[in-house]
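This briefing is meant to be read alongside the sequence and the coordinates. It begins with a local backbone question and then takes up the fold, the domains, the helix packing and the pairing of the chains.

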There are 2 protein chains.
Amino acid sequence: MCHYQKFMSEIKYLQQLIHDKLLQVPFPSHPASLYDPIRYMLSIGGKRMRPLLVLMGCDLYKGNIDKAINPALAVEVFHNFTLLHDDIMDNAPVRRSKPTVHAKWNSNIAILSGDAMFVKAIQLLMQTDETKITALTEIFTATALEVCEGQQLDMDFESRTDVSLDDYLEMIQLKTAVLLGCSLKMGAIIAGASEEDCNYIYTAGCDLGIAFQLQDDLLDLYGDEQQFGKLPGGDVVANKKTYLLLKALELSNEKQKAEIVLIMQGGLTAEEKVQRMKTVFNELNIAELTIEKMEFYYKSAMDLIDALHVEPSRKQQLIQLSEGLKVRVT
Amino acid sequence: MCHYQKFMSEIKYLQQLIHDKLLQVPFPSHPASLYDPIRYMLSIGGKRMRPLLVLMGCDLYKGNIDKAINPALAVEVFHNFTLLHDDIMDNAPVRRSKPTVHAKWNSNIAILSGDAMFVKAIQLLMQTDETKITALTEIFTATALEVCEGQQLDMDFESRTDVSLDDYLEMIQLKTAVLLGCSLKMGAIIAGASEEDCNYIYTAGCDLGIAFQLQDDLLDLYGDEQQFGKLPGGDVVANKKTYLLLKALELSNEKQKAEIVLIMQGGLTAEEKVQRMKTVFNELNIAELTIEKMEFYYKSAMDLIDALHVEPSRKQQLIQLSEGLKVRVT
């Protein structure tokens with residue numbers, strides 16, 4: 001078995017562990033209208049990346065995975081709570097090919113089930129080594145507040161016309177990246193890593209988070225339709241302020257800017273919007289520039305992982321996972 | 001200064017302390033659209049009964065109020081979070097004579113600000129004696145889940161036609177009463193009270209909570225308009241399943257039941273509804289029966305307070321506060 005296969009089979013084992021334990025999280029049966037939506041939300045899947053990072057952060061420092069599993073589940077339940085409430089706010093009918101909770105039940109039930117999920121996340125977080133609870137709760141709640149801030153900034157962006165690239169990077173740092181950093185750091189805390197290493201691994205997680213959000217932005221337009229199972233350009237059609245669009249606005253000349261504004265103003269079909277926006281983006285080398293930025297954050301994460309005070313062989317799992325998440329843009 | 005005045009001035013002091021400390025809870029300025037609604041919600045007042053109970057539970061056992069203040073604020077912030085989300089679900093335009101957050105901003109901002117308040121509540125809860133954090137978080141999160149359950153049951157009741165008095169008592173126990181029990185218990189935990197006393201004071205708080213909810217139900221119809229500043233019978237007009245209505249449905253003969261159903265079916269003016277429902281209630285002695293039930297829970301609370309292992313003189317503050325909350329129905 002080659003190295004890659006070995007790490008991947010370890011990762012598969014951890015993912016299976018998370019899957020099994022998540023199904024075992026006890027929720028009462030009454031009232032069903034509160035707890036059925038939670039069970040539903042947790043059952044519709046996802047890559048379980050965040051709890052995996054908690055376990056890997058712990059394993060990196062030879063920590064006891066048994067002590068990390070409940071905090072890992074806490075992060076996953078919290079993440080699903082934010083998705084549930086985000087879906088209400090975004091009025092999204094579908095998540096992972098299934099009806100969203102507010103679509104399947106209603107908004108009130110979705111609000112309240114989300115609230116209860118957050119409570120459950122805190123309960124799971126506390127079910128670990130008592131000496132670690134304060135440090136875990138500190139990073140977890142600070143991160144939770146930041147995720148709220150990120151979602152609020154994202155909503156604010158919809159009506160703002162002055163969003164800069166820095167604003168955007170701040171938003172994705174808060175909305176997406178910090179929870180990955182938090183996950184790795186929580187694992188490291190549980191394993192008793194030094195404060196310096198906890199901070200390094202936190203930043204590494206954040207940088208990976210930004211890198212993969214930039215990749216998502218890129219794949220939305222440049223991804224392979226067959227591979228991702230959706231029409232490319234959803235963000236363009238929705239006039240979403242992605243890294244691509246903001247970079248294009250920054251670099252465009254007067255004529256290109258006018259074209260972008262015109263595309264966004266409406267009146268064009270979805271297909272026309274995507275086609276014409278792609279032409280502007282291609283003129284400005286937006287795909288290459290986004291990949292460059294993504295590589296910058298990815299390299300920063302790798303440098304930080306390199307600096308961790310752990311024998312290099314133990315780091316391979318995390319490096320392989322990160323590599324595996326990178327998608328070649330066709 | 002008579003005893004009553006002495007206790008009341010102590011209570012006023014604690015209320016002022018809560019008021020001052022609540023204003024000092026730090027919230028960032030950015031993003032304003034997330035944190036302004038929180039500051040607004042916390043500024044529009046209320047009796048601050050729950051944090052007061054935390055401090056009084058602590059003081060009862062000669063605990064250090066300084067260690068109880070942050071957990072007390074946690075309960076108040078949590079309570080306001082539930083009100084904020086409840087207001088969205090109930091589509092309520094006004095709270096305490098001010099526009100609700102979702103009316104002043106919008107529903108999405110109200111959902112997200114509420115979420116952030118809940119995170120803040122957990123942060124405040126942790127800012128106390130480290131040895132108490134596990135016990136505090138246990139009762140706090142168990143209670144928080146119950147409050148969600150209570151709100152869900154209350155929403156379920158709207159469309160149900162088979163709500164029993166027991167269902168109703170379960171609902172108000174969860175939605176309202178347990179948080180009062182939790183508040184007193186948290187104070188007792190911080191002061192190092194015995195497990196037995198913690199459980200007694202918890203149940204005492206719950207029983208007081210049910211008593212005062214029954215009183216609220218009663219005052220809605222039988223309260224003095226001038227004293228409460230609103231037209232009596234709002235619950236009747238809204239067809240709300242209160243203790244009064246459910247008791248009346250239980251005791252009514254065929255003719256009275258038909259009259260109740262007719263009143264609720266619509267077609268009458270608000271004034272007619274209130275007048276005719278009051279006539280049925282009066283025939284069935286509903287006010288007296290509600291007062292009786294209320295007194296039952298009140299006495300249960302007093303018996304439990306009596307049983308606490310504390311010198312009787314220290315209990316007077318809590319007893320006086322409870323007495324002060326009782327309203328004579330005119």
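The model is a predicted one, and the points below are grouped by topic.

**Backbone features in the loops**

- The peptide bond that leads from His30(A) to Pro31(A) is cis, with omega near -5°.
- In chain B, a cis peptide bond likewise joins His30(B) and Pro31(B), where omega is about -5°, and Pro31(B) is placed in the loop between helix 1 (3-24) and helix 2 of chain B.
- Arg48(A), which is located in the loop between helix 2 and helix 3 of chain A, has a phi near 55°, which is a positive value in a residue other than glycine.

**Overall form of chain A**

- The secondary structure of chain A consists of 16 helices and 2 strands.
- Chain A has a radius of gyration of 21 Å, close to the 20 Å that the globule rule gives for 330 residues, so it is as compact as a globular protein of that length.
- Taken along the principal axes, the box filled by the C-alpha atoms of chain A is roughly 60 × 50 × 35 Å.

**Domains of chain A and their contact**

- Chain A is divided into domain 1, covering 1-192, and domain 2, covering 194-310, and the centres of these two domains, taken over C-alpha atoms, are separated by 23 Å.
- The contact between them brings together 22 residues of domain 1 of chain A and 18 residues of domain 2 of chain A.
- On the side of domain 1 of chain A that touches domain 2 of chain A, the elements giving two or more residues are helix 3 (49-60) and helix 8 (165-190) of chain A, and helix 8 of chain A provides the largest share, with 16 residues.
- By class, the residues on this side of domain 1 of chain A divide into 16 nonpolar, 5 polar and 1 charged.

**Packing of helix 3 against helix 8 in chain B**

- Two packed helices are described by the angle between their axes and the distance between the axes.
- In chain B, the axes of helix 3 (residues 49-60) and helix 8 (residues 165-191) come within 7 Å and cross at roughly 35°, and the crossing of these two helices of chain B is right-handed.
- The residues making this contact include Leu53(B), Val54(B), Met56(B) and Gly57(B) from helix 3 of chain B, and Leu180(B), Ser183(B), Leu184(B) and Gly187(B) from helix 8 of chain B.
- The contact of helix 3 of chain B with helix 8 of chain B has 13 nonpolar, 3 polar and 2 charged residues.

**The contact between the chains**

- The contact takes 30 residues from chain B and 30 residues from chain A.
- On the side of chain B that touches chain A, at least two residues are supplied by each of helix 2 (32-43), helix 4 (65-90), helix 6 (107-126) and helix 7 (133-159) of chain B, and helix 7 of chain B gives the most, with 13 residues.
- The side of chain B that touches chain A has 17 nonpolar, 9 polar and 4 charged residues.

**Relation of the two copies**

- Chain B is superposed on chain A by a rotation of 180° with 0.0 Å of shift along its axis, at an RMSD of 0.0 Å, and the two copies are thus related as by a two-fold rotation axis.
- Of the interface residues of chain B, 100% are also interface residues in chain A, so the copies meet through the same surface.

Methods:
Residues numbered from 1 in each chain as written. Chains lettered and ligands numbered in written order. Predicted model: local features only at pLDDT ≥ 70, side-chain atom pairs only at ≥ 80, totals over all residues. Domains from an automatic or database assignment. Contact = placed C-beta atoms within 7 Å. Helix = DSSP H or I, 4+ residues; strand = E, 2+ residues; numbered from the N terminus. Nonpolar A, V, L, I, M, F, W, Y, C, P; charged D, E, K, R; others polar. Axes fitted to C-alpha atoms, helices over the stretch in contact; angles between N-to-C directions. Left-handed = near helix turned anticlockwise from the far one by under 90°. Least-squares fit on C-alpha atoms with pLDDT ≥ 70 in both. Rg over C-alpha atoms; globule rule 2.2 N^0.38 Å.
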